[in-house]
Amino acid sequence: QVQLVESGGGLVQPGGSLRLSCAASGSIRRINAMAWYRQAPGKQRELVAFITSGGSTNYADSVKGRFTISRDNAKNTVWLQMNSLKPEDTAVYSCNINFIGTGWSPQEAWGQGTQVTVSS
């Protein structure tokens, strides 16, 4: 079993910052990509950012220059630093990992989601 525990969501004013974290634990041999997704009410889930095991990153155009994804491979943890937040960033943010477990085949796991609300 693999568990992802997220934290760091909340209510913030426009222009503010939040830092999300996601820690993975359980039967993990290696984590490949780690990512953050978000889903706003009435909208489809979208990929916000991902980071490979080697540290390469990619971002949605809507967050480039404002959000930064990072990871600690030793701690199986990924963060999302969100700056200059806008009301349109309001959504439930979920972390996702692609990992190798005890079965040696790639698997996927999701966090429970954390609410981010940007409002004055």
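1. Let me start with a charged pair: D89 and R66 form a salt bridge, with their closest N and O atoms 2.7 Å apart. The term here stands for a side-chain nitrogen of Lys or Arg within 4 Å of a carboxyl oxygen of Asp or Glu. This pair links distant parts of the chain, since D89 is in the loop between β8 and β9 and R66 in the loop between β6 (57–59) and β7, 23 residues apart. Both D89 and R66 are buried, where buried means under 20% relative accessible area, exposed over 50% and partly exposed in between (1.4 Å probe, protein chains only).

2. A word on provenance: this is a predicted model, in which local features need pLDDT of at least 70 and side-chain atom pairs count only at pLDDT 80 or more, while totals for chains, interfaces and linings use all residues. Residues are numbered from 1 along each chain as its sequence is written, and side-chain values use heavy atoms, with hydrogens and water left out.

3. D89 also meets R38 in a salt bridge (3.0 Å, N to O). Because D89 sits in the loop between β8 and β9 and R38 in strand β4, the pair ties together parts that are 51 residues apart in sequence. R38 has a further partner in E46, with the closest N and O atoms 2.6 Å apart. R38 counts as buried, at 6% relative accessibility, whereas E46, at 32%, counts as partly exposed.

4. Four strands form an open sheet in the order β1-β3-β8-β7, with antiparallel pairing; strands are DSSP runs of E, at least two residues, numbered from the N terminus, and two of them pair if DSSP finds at least two bridges between them. The edge strands, β1 (2–7) and β7 (67–72), each pair on one side only. β7 and β8 (residues 77–82) are joined by six bridges in the antiparallel sense, and R71 stands opposite V78 in β8.

5. Finally, the largest nonpolar core has 31 residues, of which W36, L80, M82, Y93 and I97 touch the most other members. Such a core is a set of buried Ala, Val, Leu, Ile, Met, Phe, Trp, Tyr and Cys residues joined through side-chain atoms within 4.5 Å. β9 gives the most to this core, with five residues. Leaving aside neighbours within four places in sequence, M82 is in contact (heavy atoms within 4.5 Å) with residues including L18, L20, F67, Y93 and V116.
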